[in-house]
Amino acid sequence: MTPDPGLVINGAREGGAPIGGFLNWTFPLFRLFGIPIRCHWFYPVLVAMYVLQALAEGGARHMGWMAMVMAALLVTTIVHELGHCFMAQSLGQHADQILLWPLGGLAYVGRTHDPRQDIKISAAGPLAQVPIALLCIAILLAVGKPWSWGYLNPFEAWWPYGFTFWEGLCLAVLKLQVVLILFNLLVPAYPLDGGSILVNFLLMRYSRSHSALVTTYFSIPIGIAITIWGFVQRELLLGFLGIWVLLEAWQIRRLLQWGEIEAHPMFAAAPEFDYAPPRARRPGFFARWRMRRAERRARQEAQRTADLRQRVDAILEKVSREGIDSLTGVERKILEEASREASRNRDSQ
Ligand SMILES: [Zn+2]
């Protein structure tokens, strides 16, 4: 199984990537919506290997099954990459080409250099697969299969009892979508889509070099885990995907060491746009309530002080007019209170 159909690579990669030379072994396939689709030489070799292996292990029927799964994967990959391309174009960026290679697909698209917009470009690939999943569900229901949440669970049977070849294929394609959407969105290891999303979240808050460093804190352990898991499970492509994640992390670390992180396509500064830190966040509901309460109390306190001063003035005027003995008990109390307040204010200043 190809573990990942869609990885968005932002900007030109030639020369910068650790596997840049390897990625250039390609030939053109066709154009779709004006976007050239190219194919890596290893891609057909790999597909042929899978199909022939299926023939050797399970005969013609199994080979037919594998060929159909490979075709579905190809369509899925192209839809996923078109998702990246269309979102990039809708944000005013260029989409140069889609490359099909052994680890899935690569969309060569421009970056907006606004992290919020670039997150949309990264998420658009996996989200473009959602309609495929919905279509599979609709077909299964239309042919009379009762709905089961197990259809969405990749750990339950991919070809359950009672399913025909085509129903089984439909279910397998559905589960493939679930696996690939979750894997791409939720694994925060660059250059997977989830990793690009992580990078852009970091760039909203931190400097380029700090974001790059934190990115590798995620991708190195994840890359090691994917590599070990892939080779232990004999899912060689998964193993190579882990190695790719590690190579990219190593590349980022090397650029950081040289102080040249701007040379990396993900961390490149755009000449025309540098992201401004987000404006101060609007305080939350409770914070606003506390602020209003504090303001109200301050107003009440100021009012009380003003009232007191006015009454004290009136009393002092009465003293000067009629003498100290003319004061009532209440008036004396007010004077005492004012004097206490005055001494308190002196102490606190
Ligand atoms: Zn992708």
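This is a predicted model: local features need pLDDT of at least 70, side-chain atom pairs count only at pLDDT 80 or more; totals for chains, interfaces and linings use all residues.

Reader: How do H6 and H7 pack, then, in terms of angle and distance between axes?

Author: Helix H6, which covers residues 208–232, packs with H7 at an angle of about 155°, and their axes are 7 Å apart. Since angles over 145 degrees count as roughly antiparallel, the two helices H6 and H7 are therefore described in that way. The crossing in which H6 passes H7 is left-handed.

Reader: What sort of residues make up the contact of H6 with H7?

Author: The residues of that contact divide into 17 nonpolar, 8 polar and 1 charged.

Reader: Which residues of H7 are buried?

Author: The buried residues in H7 include Leu237, Leu238, Leu241, Trp244, Val245, Glu248, Ile252 and Leu255.

Reader: Does anything stand out about the length of H7, or what span should its residues have?

Author: The 22 residues of H7 should span 32 Å at 1.5 Å a residue, and the C-alpha atoms at its ends are 31 Å apart, which agrees. After H7 comes Gly259, whose phi is positive and near 70°.

Reader: Changing topic to the rings, how many aromatic pairs are there?

Author: The search of the whole structure finds 7 aromatic pairs. One of them joins Trp101 and Trp244 edge-to-face, with 4.7 Å from centre to centre and 80° between the planes. This pair links distant parts of the chain, as Trp101 belongs to strand E4 (residues 95–101) and Trp244 to helix H7 (residues 236–257), 143 residues apart.

Reader: Are Trp101 and Trp244 buried or exposed?

Author: Trp101 counts as buried at 3% relative accessibility, and Trp244 is buried too, with a relative accessible area of 3%.

Reader: How are the rings of Phe231 and Phe240 arranged?

Author: The ring centres of Phe231 and Phe240 are 5.9 Å apart and the planes are at 85°, so this pair is edge-to-face. Phe231 counts as partly exposed at 36% relative accessibility, and Phe240 is partly exposed with a relative accessible area of 44%.

Reader: Which residues do ring pairs link into a cluster?

Author: Ring pairs link Trp65, Phe165 and Trp166 into a cluster.

Reader: I also wondered about the backbone elsewhere; where is the cis peptide bond that involves Pro191?

Author: The peptide bond from Tyr190 to Pro191 is cis, with omega near 10°, and Pro191 has its place in the loop between helix H4 (165–186) and helix H5 (193–205).

Reader: And what about the phi of His113?

Author: His113 is not a glycine, yet its phi is positive, at about 65°. The residue lies in the loop between strand E5 (104–109) and helix H2 (115–128). His113 counts as buried, because its relative accessibility is 17% and the cut-off is under 20%.

Technical notes:
Residues are numbered from 1 along each chain as its sequence is written. Side-chain values use heavy atoms; hydrogens and water are left out. Rings of Phe, Tyr and Trp (its six-membered ring) pair if their centres lie within 6.5 Å; planes under 30 degrees apart count as stacked, over 60 as edge-to-face and the rest as tilted. Helices (H or I, at least four residues) and strands (E, at least two) are DSSP runs, numbered from the N terminus. Buried means under 20% relative accessible area, exposed over 50%, partly exposed in between (1.4 Å probe, protein chains only). The expected span of a helix is 1.5 Å times one less than its number of residues. Axes are lines fitted to C-alpha atoms, for helices over the stretch in contact, and angles run from 0 to 180 degrees between N-to-C directions. Angles under 35 degrees count as roughly parallel, over 145 as roughly antiparallel, 65 to 115 as roughly perpendicular and the rest as oblique. A crossing is left-handed if the near helix is turned anticlockwise from the far one by less than a right angle, and right-handed if clockwise. Ala, Val, Leu, Ile, Met, Phe, Trp, Tyr, Cys and Pro count as nonpolar, Asp, Glu, Lys and Arg as charged, and the others, Gly among them, as polar.
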